[in-house]
Amino acid sequence: MTKPQERHVVVVGGGLAGLASTVWLAELGYRVTLLESNGSLGGRTIGLTSEHGDAIENGQHVLAGSYENIFRYLDSVGTRSLLEFPDEFGVRYPGGHAEKFGMHLGTIRRLILGQVKGLSIPTMLKATPAWARLIREVIQFDDSLDDITVQQWFDRLGFPAEVRRIMLNSMVIGLLNELPQLASAHAFAALLRTGADRVRRTGDGAMRIGYPTVDLEKLYLDGARTVMAERDVDVRLRTRAVSVRVAHGRASGVTLADGAVVEADAVVLAVPSWNLRSLLDEVPSSEDIQLAAKKLEPVPIMNAYVLLDRPLDTVAPWESLLDSDIGWVFDRGRMHGPRADGKHLYALTTCAAYDLMPLRNAEVADRLVTALRASYPAARDAEVLDVTVVPWPKATFSSRVGMSTIRPDNHTSLPNLALAGDWTHNDWPTTMEGAAQSAAHAVDLIHESLG
């Protein structure tokens, strides 16, 4: 029998799905070549540096206890200990009032007793039948939910306006990266179904919520580089693959933009849907995959890192802002530790930032700082020392109506060619966990095809 180290696998794409595929294939003993068209690895987790020397990135990440494949990846690269799970987050109202939500008994008790602003006992009782209908439809789950938006679904279920405003809408936007009036009800219901299944299988720990205590480069990349060096992975940056080569009904390698050929016993394509381009042109029966990739539209996320001379007095490591240009405020001092100079750094994130994306960075900075002052009394007289705007026009794919059910599987018509990426079919919407799960599926397919 041929040993794994005698087999060569090419992974195209150095984002999280490509990194996980590479690490796990190398762990299995395969000789791996990783091709990345950019000058650095990381994809959408790429690390940046502000003018004040702060490590920043394309947005702050939140992790759920129901994730499995992300934790497996972090175990592989040795960084799982860098996660923290406070199990609570804040909701900030216009004018400055804040509430805590999460798994702690005190916050649950306040919610049940109607002590949360805007969520009185009559409002919560009015929502009870809607919650029951939601649970029933999630259990009965069918593809017809991909024909309506989340907003239309909530209308049908009968949720009161304040329950949507304070609890549900930010949940939808945070989990799907899309607005409730655009997001598919199927995508949200599938997410709830997956979360409930994880709780049933693994217990209450699946309900936890947390965050990395370091920047994403340290979390996802540093350990991966060590593993790849130890396993002699051939990493080639600024190398663009343009097509998969096919011979005798199997993938035989990839052709590069300069015409060179990298031969392989198997190939994993771990690129975003909008970068698929001509990669599958020679692969038979790939028309549906290519069509799905063209239909999946990117969704923008706007991020800004604001350095202040004083704290904002946040009630939790991160807070959701109601009726604001800012979706979430992450307290980097609470999450990553205080700065040596005593200043205070906050990461601002707005998903589905359709209004902000056309603006110049200076205009975005002004608008977000204005929104910050409107929601935080402590910010009104604060000195803004720096604002680093990080627009992300193609953050991930949009979970719009009709998109949830067209995502392609990880397998292709060639047994030794697999797809990976959050846009492929998995248990999650546009999440890091979806990217990691797709990599796990792709690795299993390749390992099986190579015997």
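Biologist: Which elements do the buried residues of α1 pack against?

Modeller: This is a predicted model, where local features need pLDDT of at least 70, side-chain atom pairs count only at pLDDT 80 or more, and totals for chains, interfaces and linings use all residues. Residues are numbered from 1 along each chain as its sequence is written, and side-chain values use heavy atoms, with hydrogens and water left out. Helices (H or I, at least four residues) and strands (E, at least two) are DSSP runs, numbered from the N terminus. With contact meaning heavy atoms within 4.5 Å, the buried residues of α1 pack against β1 (8-12), β2 (31-35), α2 (69-77), α8, β14 (266-269) and α12 (432-449).

Biologist: How many residues of α1 are buried?

Modeller: Buried means under 20% relative accessible area, exposed over 50%, and partly exposed in between (1.4 Å probe, protein chains only). Among the buried residues of α1 are Leu 16, Gly 18, Trp 24 and Ala 26. The helix is mostly covered, and the count is 11 of its 12 residues.

Biologist: How far apart are the end C-alpha atoms of α1?

Modeller: The expected span of a helix is 1.5 Å times one less than its number of residues. For the 12 residues of α1 that gives 16 Å, which agrees with the distance between its end C-alpha atoms: 16 Å.

Biologist: Are α1 and α8 roughly parallel or roughly perpendicular?

Modeller: Axes are lines fitted to C-alpha atoms, for helices over the stretch in contact, and angles run from 0 to 180 degrees between N-to-C directions. The axes of α1 (residues 16-27) and α8 (residues 216-230) come within 10 Å and cross at roughly 30 degrees. Angles under 35 degrees count as roughly parallel, over 145 as roughly antiparallel, 65 to 115 as roughly perpendicular and the rest as oblique. The two helices, α1 and α8, are therefore roughly parallel.

Biologist: Which residues of α8 does α1 meet?

Modeller: On the α1 side, the contact uses Leu 16, Leu 19, Thr 22 and Val 23. Ala, Val, Leu, Ile, Met, Phe, Trp, Tyr, Cys and Pro count as nonpolar, Asp, Glu, Lys and Arg as charged, and the others, Gly among them, as polar. The contact of α1 with α8 has eight nonpolar, one polar and no charged residues. On the α8 side are Tyr 220, Leu 221, Ala 224, Val 227 and Met 228.

Biologist: Is the crossing of α1 and α2 left-handed or right-handed?

Modeller: These two helices pack at an angle of about 60 degrees, with their axes 10 Å apart. α1 and α2 are therefore oblique to each other. A crossing is left-handed if the near helix is turned anticlockwise from the far one by less than a right angle, and right-handed if clockwise. The crossing of α1 and α2 is left-handed.

Biologist: How many charged residues are in the contact of α1 with α2?

Modeller: From α1, residues including Trp 24 and Glu 27 take part. From α2, Arg 72 and Tyr 73 are among those they meet. By class, the contact of α1 with α2 has eight nonpolar residues, two polar and, for charged, two.

Biologist: At what angle do α6 and α7 pack?

Modeller: Met 171, Val 172, Leu 175 and Leu 176 of α6 make the contact with Ala 187, Phe 188 and Leu 191 of α7. The axes of α6 (residues 161-176) and α7 (residues 185-202) are 11 Å apart, and the angle is about 90 degrees. That makes α6, relative to α7, roughly perpendicular.

Biologist: Is Ala 187 buried or exposed?

Modeller: Ala 187 sits in helix α7. Not counting residues up to four places away in sequence, Ala 187 touches Leu 176, Ser 399 and Ser 404. At 7% relative accessibility, Ala 187 counts as buried.

Biologist: What is the phi of Asn 177?

Modeller: Most residues other than glycine have a negative phi. Asn 177 lies in the loop between α6 and α7 and is buried, at 9% relative accessible area. Asn 177 is not a glycine, yet its phi is positive, at about 60 degrees.

Biologist: Where is Ala 352 found?

Modeller: Ala 352 also has a positive phi, of about 50 degrees, although it is not a glycine. At 6% relative accessibility, Ala 352 is buried. Its place is the loop between β18 (344-351) and α11 (361-375).
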